[in-house]
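Please look at the sequence together with the model, and follow the report below as it goes from one element to the next.

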Amino acid sequence: GGPLLDSRGQVIGINTAVVRAPGAEGLGFAIPINLANDVVEQILTTGRVRRAFIGIEYRDIEPQLAAQFGIPVREGVLVGVVGRGTPAERAGLEPGDIITAIDDAEVAHGGDLRGILRQRKPGDTVTLTVVRESGRARVRLQLAEAPQS
């Protein structure tokens, strides 16, 4: 734990873990300060953290994967599993769909998807740009609250 500082001494994150491996300097992990501030604000005002949830399991599209399987895009997230009763199922997402954007913000990989969802709240409605066998589609979806783990 402890603050992660930039060269001006400003807190830009909170250190969470360091992995020490033989022959390596160590690999550090930190939570970005904006995310930490959001979590603190939610806990102080509501007593818990609420996160937006779509209800899918996915895999990043990589150029090699796209070439091997003839996937029509080089970036995005490939939907693998659509959870029962989730916003994704209600919106008609299916395994094999590829999400390339949310509300016109590009989704090149899972990190983009997670970052966009962190900026939204349960109950918000978003529009997904999806590539499927039949072509491109725009799917409206109302986000739910992520289950507490």
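This is a predicted model: local features need pLDDT of at least 70, side-chain atom pairs count only at pLDDT 80 or more; totals for chains, interfaces and linings use all residues.

The expected span is 1.5 Å times one less than the number of residues, while helices (H or I, at least four residues) and strands (E, at least two) are DSSP runs numbered from the N terminus. After α1 comes glycine 47, with a positive phi near 85 degrees.

Three strands form an open sheet in the order β1-β2-β3, with antiparallel pairing, where pairing requires at least two DSSP bridges between two strands. Because β1 and β3 each have a single partner strand, they stand at the edges, and one side of each is left without a neighbour in the sheet.

| Strand | Residues |
|---|---|
| β1 | 3-5 |
| β2 | 11-19 |
| β3 | 27-32 |

From one strand to the next the twist averages 50 degrees, and β2 pairs with β3 over six bridges in the antiparallel sense. Helix α1 packs on this sheet, touching β2 and β3, and its direction makes about 50 degrees with that of β3; contact means heavy atoms within 4.5 Å, and angles, from 0 to 180 degrees, are taken between N-to-C directions of axes fitted to C-alpha atoms, for helices over the stretch in contact.

Glycine 85 lies in the loop between β6 (77-82) and α3 (87-91), and counts as partly exposed because its relative accessibility is 47%, between the limits for buried (under 20%) and exposed (over 50%), with a 1.4 Å probe and protein chains only.

Residues are numbered from 1 along each chain as its sequence is written. Local features need pLDDT of at least 70 and side-chain atom pairs count only at pLDDT 80 or more, whereas totals for chains, interfaces and linings use all residues, and side-chain values use heavy atoms, leaving out hydrogens and water.
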